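Work through these exercises with the structure open beside you. Try each task before you read its solution.

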Amino acid sequence: MKDWFKIKRYPHIGLPLTDKDRNWVEKYVKDQGKIAEHAFFPFIHREVVTRKFRKEYDSLTDEKLNSGKRNSSTKKRQIYYANHIDSNIYSYYSQLLNTLYEVELKKRHIANVVIAYRNLKHPQKNRGMNNVDFAQEVFSFIKANTNDRLSVITFDIKNFFDNLDHDLIMKEWKKLLECDYLPRDHYNVYKNITKFSYVDIYDLFEEFKNELLIRKNNSIESICVSKLKYMRNKEIVAFCRLKEFNSRIRKKNLIKSNKKELQQDGTLIPRKKGVPQGSPISALLANLYLIEFDSKINDLITERGGLYRRYSDDIVVVCNSADRDFFRSQVLDGIKLYNLEIQEKKTNTFLFRRDENGYSCFKELVSGTLNTNKRFSYLGFEFDGTYVYLKSGSLSKYYRNMKHAIARGAFYAKHTNYKQDKGKIFRRRLYKRFSYIGAKRKMIWVYDGHKWIKQHKHDWGNFLTYANMAHFNIRDSKIDHQISRHWVKLNKIIKEKEDLVRI
């Protein structure tokens with residue numbers, strides 16, 4: 001079991017905890033009376049925007065729209081960070097609930113069904129399971145099947161964390177504890193994870209940007225930082241001290257409440273759904289929320305020789321094609337009982353049809369026709385019935401980032417003030433980020449002025465590290481072929497940019 005006590009490195013309201021704080025934090029967190037009365041600090045809110053480049057297809061014919069060009073779009077996620085002591089409270093209560101949740105999963109025989117946010121041991125190897133193993137399990141199940149026609153349906157739950165019903169969370173929480181009313185300490189945690197308040201990170205930065213806190217020579221000092229994005233490089237440890245919360249944050253109305261929501265008629269009503277994505281307990285609550293749904297759907301599917309897996313808001317069903325419509329309706333109708341909705345645009349059905357060489361994969365279109373050029377996509381991989389590939393979008397993103405980094409290097413090579421560096425793109429950093437040279441995981445060592453000290457943590461490598469690991473662990477993989485020309489492409493783009501810079 002993982003340790004619930006965690007030292008978070010992000011700056012928040014108040015100084016971060018250290019290993020020396022463990023004793024008093026543990027005594028405080030395990031004191032039910034104190035947690036029942038604990039006043040939680042507001043979360044820090046930050047909007048994370050991810051750009052996506054996707055081709056659009058006609059829903060009936062699956063033909064490419066816009067001449068096959070990729071359209072740029074953005075995906076916004078609302079992330080919330082808890083104060084350091086609050087984070088450990090959430091972490092501790094998450095562990096308490098998770099212990100009971102794991103027992104309940106085993107009772108219902110669905111311990112291998114819910115695969116996100118859990119520590120699942122690999123059945124053959126001495127390590128935990130990851131997305132590669134989860135994808136491989138589904139692909140292997142398909143290949144080992146004996147049906148002539150097999151259907152795979154993928155579903156995506158719309159805005160999962162934002163739509164978790166508070167009453168249903170309470171219901172499952174009480175069932176897990178086997179009580180009619182939550183104990184006062186549990187209720188206080190429940191209340192503050194459902195009816196929470198927050199401070200926007202930009203408002204907080206504007207208030208304290210001239211006196212942000214850093215740790216220097218075993219003491220805390222304040223410095224000025226011009227932009228929020230520079231805080232990491234400046235090694236900021238906190239926005240302010242706890243004693244400044246009331247006078248600098250509360251009195252200046254920087255705190256925003258999430259307890260009520262605005263209706264179309266302009267009235268405010270108590271918010272009855274949603275938990276903050278990013279807190280240590282939110283993932284456990286999201287899994288617990290659908291335990292009855294997971295149990296019911298899994299029983300129905302396994303009774304007919306199928307497979308059901310749920311990775312957070314992503315659901316996959318593998319079944320005999322004759323049962324396809326039945327299971328699709330069971331999932332679509334069943335999820336509504338939990339006040340959740342499946343995104344129709346992201347619901348896809350694939351047909352695996354057996355021939356002399358095994359299975360061939362087809363995507364079933366709304367019109368009823370089959371598209372032979374589409375592979376079944378799951379957890380970052382694609383499967384055509386025989387071979388496994390990296391998802392094309394992941395590979396495109398890798399090369400897109402490569403081109404952007406090289407272009408940035410070319411810009412600085414052109415505008416540098418050092419004549420000896422004029423027109424030269426420094427390759428060491430590019431090779432580390434985008435080639436096999438930086439793909440090897442290495443132990444990190446730090447020089448303290450006298451000797452090198454092992455840090456007991458690794459440089460995690462780059463995208464190719466993951467690609468190579470996936471190829472090694474997935475049978476019938478074509479991943480090595482997909483990345484085989486990365487070195488040639490990397491050096492070709494660098495040379496092209498250098499030639500342009502020298503003109």
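**Exercise 1: a histidine and its partners**

The side chain of His 38 makes a polar contact with the side chain of Asp 86, at 2.7 Å. Keep in mind that this model is predicted.

Task: Find where His 38 sits, decide whether His 38 is buried or exposed, and list what His 38 touches.

Solution: 

Step 1. Locate the residue. His 38 lies in the loop between helix H2 (32-37) and strand S2 (43-55).

Step 2. Apply the cut-off. Buried means under 20% relative accessible area. His 38 has 10% relative accessibility, so His 38 counts as buried.

Step 3. List the neighbours, not counting residues up to four places away in sequence. His 38 touches Tyr 28, Ile 85, Asp 86, Ile 89 and Asn 188.

**Exercise 2: aromatic pairs**

Task: Describe the pair Phe 41 and Phe 245, then the pair Phe 352 and Phe 376.

Solution: 

Step 1. Start with the whole structure. A search finds 34 aromatic pairs.

Step 2. Take one of them. Phe 41 and Phe 245 sit 5.1 Å apart, centre to centre, with 75° between the planes. Planes over 60 degrees apart count as edge-to-face, and this pair is edge-to-face.

Step 3. Phe 41 is in the loop between H2 and S2, while Phe 245 is in helix H8 (residues 245-250). The pair links distant parts of the chain, 204 residues apart.

Step 4. Check burial. Phe 245 counts as buried, because its relative accessibility is 6%.

Step 5. Turn to the other pair. Phe 352 and Phe 376 are edge-to-face too, at 6.2 Å centre to centre and 90° between the planes. Phe 352 lies in strand S14 (residues 348-355) and Phe 376 in strand S17 (residues 376-378), so the pair ties together parts 24 residues apart in sequence. Both Phe 352 and Phe 376 are buried.

Step 6. Widen the view. Phe 352 and Phe 376 belong to one aromatic cluster with Phe 139, Phe 350, Tyr 359, Tyr 378 and Phe 383.

**Exercise 3: the second largest pocket**

Task: How much space lies in the second largest pocket, and which residues and elements line it?

Solution: 

Step 1. Give the volume. The second largest pocket holds about 1200 Å³ of space.

Step 2. Name the lining. It has 39 residues, and the closest to the pocket centre are Lys 2, Asn 98, Tyr 117, Arg 118 and Asn 119.

Step 3. Assign elements. Helix H3 (84-107), helix H4 (131-144) and helix H9 (282-289) each give two or more residues to the lining. H3 gives the most, with 10 residues.

Step 4. Sort by type. The lining residues divide into 17 nonpolar, 14 polar and 8 charged.

Technical notes: Residues are numbered from 1 along each chain as its sequence is written. This is a predicted model: local features need pLDDT of at least 70, side-chain atom pairs count only at pLDDT 80 or more; totals for chains, interfaces and linings use all residues. Side-chain values use heavy atoms; hydrogens and water are left out. On a 1 Å grid over the protein atoms alone, a cavity is a set of points where a 1.4 Å probe fits but cannot get out, and a pocket is an open set with protein on both sides within 12 Å along at least five of seven lines; lining residues have an atom within 4 Å of a point. Grid points are joined across faces, edges and corners, and a volume is the space filled by probe spheres set on the points. Helices (H or I, at least four residues) and strands (E, at least two) are DSSP runs, numbered from the N terminus. Ala, Val, Leu, Ile, Met, Phe, Trp, Tyr, Cys and Pro count as nonpolar, Asp, Glu, Lys and Arg as charged, and the others, Gly among them, as polar. Buried means under 20% relative accessible area, exposed over 50%, partly exposed in between (1.4 Å probe, protein chains only). A polar contact is a pair of N or O atoms within 3.5 Å; within protein, one must be able to donate a hydrogen and the other to accept it, and residues adjacent in sequence count only if both atoms are side-chain atoms. Contact means heavy atoms within 4.5 Å. Rings of Phe, Tyr and Trp (its six-membered ring) pair if their centres lie within 6.5 Å; planes under 30 degrees apart count as stacked, over 60 as edge-to-face and the rest as tilted.
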